Amino acid sequence: MLFKKYKTTAIGLTACICFLLVYSSCFYDDKSKPNLEYMPDMYRSPSYETYSSYQNYSNDSVKQTGITARTPVEGTVPRGFLPYPYSNTNDGYEMAGQNLKNPIIITQEVVDQGKLMYTKFCVHCHGDKGDGNGMIVANGKFPAQPPSYMGDVLMALPVGKMFHTLEFGKGMMGSHASQISQQDRWKIISYITTVFQGRTKIGEQQMAVEMPKAEEPKTETKKK
Amino acid sequence: MTLNFTLFRKIFQSTLFLLLLNIFFITALYAADGEKLFKANCKACHTTTSAKLTGPGLKDVEKRIPSREWAHKWVHGSQDLVKSGDAYANKIFQENNNSIMSAFPALSDADVDAILDYVKVAAAAAPIPTAGSANQTSVSDGTTTESGIDTEYVLMGLLVVLIILVLVLGGLKKTLQDAVNKKHGLPTEPDLGPVDSIKVWFSRNKRLTALGVIVVLLWGMKGCWDSLSQIGVNQNYEPEQPIAFSHKIHAGDNGIACVYCHFGAEKSKTAGIPPANVCMNCHKAITSGTKTGTKEISKIYASLDYDPNTQKYGPNKKPLEWVRVHNLPDFAYFNHSQHVTVANLECQRCHGPVETMDTLKQFSPLTMGWCIDCHRTTEVKMADNPYYEDFHKNLMKKFEAEGEPNKKITVETMGGTECNKCHY
């Protein structure tokens with residue numbers, strides 16, 4: 001009896017509440033989670049995409065870890081890449097200093113490109129004047145101050161040792177091999193020895209024969 | 001006699017004072033000189049505290065080394081000393097992972113002494129051990145709790161108060177009406193109950209009710225439309241990352257270039273999530289964060305199985321699973337190198353002021369309309385851009401033939417809005 005009396009009202013109220021709930025859920029927006037997708041099968045590639053994890057593939061190691069970025073087979077050499085012949089030891093360091101020479105001819109263009117690379121990869125610690133007073137050293141965050149390029153020690157440092165240091169790191173400096181290509185590393189070294197230290201000049205060539213030119217890492221070709 | 005004694009005492013005092021002053025100045029002078037020498041030669045590998053960098057921290061170094069003469073020999077050529085079979089030299093060489101300390105033959109014995117004096121002064125002045133100490137407590141957990149109450153809660157509270165007020169006033173009105181009716185001998189209005197009274201109100205105010213219904217319906221439709229158009233759009237997406245990494249501190253305060261870590265942006269399709277070895281270029285030395293202490297940085301070490309005390313890597317590496325923020329659907333092709341290297345766009349153009357963000361969020365909607373907008377309005381930098389040299393010449397010829405020699409060349413002019421540029 002009571003129910004009949006309030007039937008329409010009850011239905012109306014329920015409808016209202018449902019509407020409000022649905023409506024508010026449309027607006028509920030938790031920015032820590034991605035939004036809905038229309039058609040996930042068109043959004044997500046069935047083939048491996050960079051930095052995506054895949055759990056449903058038959059390859060066992062991928063299945064276990066979900067990592068699609070695979071380590072190349074040991075000993076793999078990319079095209080146009082020269083493997084670095086010296087080992088990460090004190091002896092390797094000395095040998096690099098004796099035998100490794102700057103293979104590129106130092107031109108103004110090389111120095112300019114070297115400067116560009118230097119401002120992206122070195123300036124934070126070594127400073128824009130090369131005195132070891134970069135931003136993070138000057139503001140006290142990085143406890144180890146790199147020696148000045150113009151100091152006695154680095155003025156006398158063979159370029160081979162500089163390259164070795166970029167390859168493996170030395171002291172508090174880490175390896176930059178994964179970030180800077182070999183060609184770019186020589187450009188940075190050319191910039192340092194020419195502009196900061198003045199011990200090389202534009203037009204100078206350290207090696208009699210230029211090393212086979214390492215190919216610039218190509219822009220990835222389109223997918224198809 | 002008394003006079004003589006006083007005079008003698010005065011002379012003695014002033015001499016003593018001068019002597020002390022002299023000593024003080026000489027020490028200060030030495031220390032200052034030592035500071036300069038320390039910064040130029042030693043600071044790359046040593047601290048004046050007990051914190052280890054490449055070499056050991058130099059606090060209380062003189063208590064450890066055999067003598068100052070030993071220090072002179074060590075600085076002039078540490079390897080000679082190691083090879084000569086000196087016991088302490090061999091001990092510390094092995095303790096520090098066999099890393100060779102550079103020889104400093106240019107430093108005189110007096111210079112080395114000055115450095116040692118400076119280390120003593122500086123170590124006394126700065127008693128806080130920073131890097132490398134394992135028993136450090138984290139400063140805070142990195143989350144900043146904002147004081148004050150959320151506006152939403154204030155509004156909700158106000159709403160509740162208003163509803164209570166309306167109910168109380170309604171009750172009061174009814175009581176008063178009843179009292180008036182009673183006084184005039186009229187029958188009291190029947191008690192309808194809340195639902196019926198609302199019904200009565202609706203039937204009495206039909207126009208207002210109709211208007212209200214229309215407004216609510218339109219509002220609802222607009223809300224539905226808006227939320228539907230947001231499906232698949234992740235603007236302002238701000239996921240929690242496995243490490244509370246702050247772009248504000250790294251790219252903003254410390255001014256580190258974007259491509260230092262995202263080194264793929266100039267050469268590859270993807271800008272790249274930096275591998276942990278890039279973190280270690282700085283965090284081998286910086287073991288404690290500004291806001292979070294060792295809490296967050298130790299996660300990098302855990303991922304690489306690195307021990308900051310011995311500075312050695314273990315075999316149990318585990319990749320950090322960063323949460324991807326910007327993600328284009330599979331059917332749209334995008335290449336970073338094309339935009340960063342060829343078009344020379346700033347990263348901020350699409351990613352917004354990343355250098356001000358503590359937690360990274362998606363700044364742009366990354367919708368197709370947004371892409372097209374930019375392709376239509378952005379003028380291509382043809383001057384000094386070898387990438388477009390031939391293309392530019394041909395295009396200029398074509399425009400001149402068409403009678404529009406000064407036509408603005410946007411990305412669209414070059415076919416940047418063709419469907420199959422991005423969808424294929």
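**Chain A: overall fold**

Select chain A and colour by secondary structure: from the N terminus on, its elements run α-α-α-α-α-α-α-α-α-α-α. Chain A has eleven helices and zero strands, where helices (H or I, at least four residues) and strands (E, at least two) are DSSP runs numbered from the N terminus. This is a predicted model, in which local features need pLDDT of at least 70 and side-chain atom pairs count only at pLDDT 80 or more, while totals for chains, interfaces and linings use all residues. Residues are numbered from 1 along each chain as its sequence is written, and chains are lettered from A and ligands numbered from 1 in the order in which they are written.

Of the 224 residues of chain A, 25% count as buried (20 or more other C-beta atoms within 10 Å of the residue's own, with C-beta atoms placed from the backbone).

**Confidence in chain A**

The mean for chain A is 80, and 76% of its residues reach 70 or more. Then select residues 214-224 of chain A, over which pLDDT stays under 50.

**Helices H10 and H11 of chain A**

Select residues 159-168 (helix H10) and 182-196 (helix H11) of chain A; their axes come within 10 Å and cross at roughly 130 degrees. Axes are lines fitted to C-alpha atoms, for helices over the stretch in contact, and angles run from 0 to 180 degrees between N-to-C directions. H10(A) and H11(A) are therefore oblique to each other, since angles under 35 degrees count as roughly parallel, over 145 as roughly antiparallel, 65 to 115 as roughly perpendicular and the rest as oblique.

Show side chains for A:Val159, A:Met162, A:Phe163 and A:Leu166 of H10(A), which make the contact with A:Arg185, A:Ile189 and A:Thr193 of H11(A). Two residues are in contact if their C-beta atoms, placed from the backbone, lie within 7 Å.

**Chain B and the interface**

Now select chain B, which has 18 helices and two strands. Of its 424 residues, 18% count as buried.

Finally, display both chains: the contact takes 49 residues from chain A and 59 residues from chain B. On chain A, at least two residues each come from helix H2 (7-27), helix H3 (40-43), helix H6 (108-121), helix H8 (135-138) and helix H9 (152-155). H2(A) gives the most to this side, with five residues.

Methods: Buried ≥ 20, exposed ≤ 12 C-beta atoms within 10 Å, placed from the backbone. pLDDT = per-residue confidence, 0-100.
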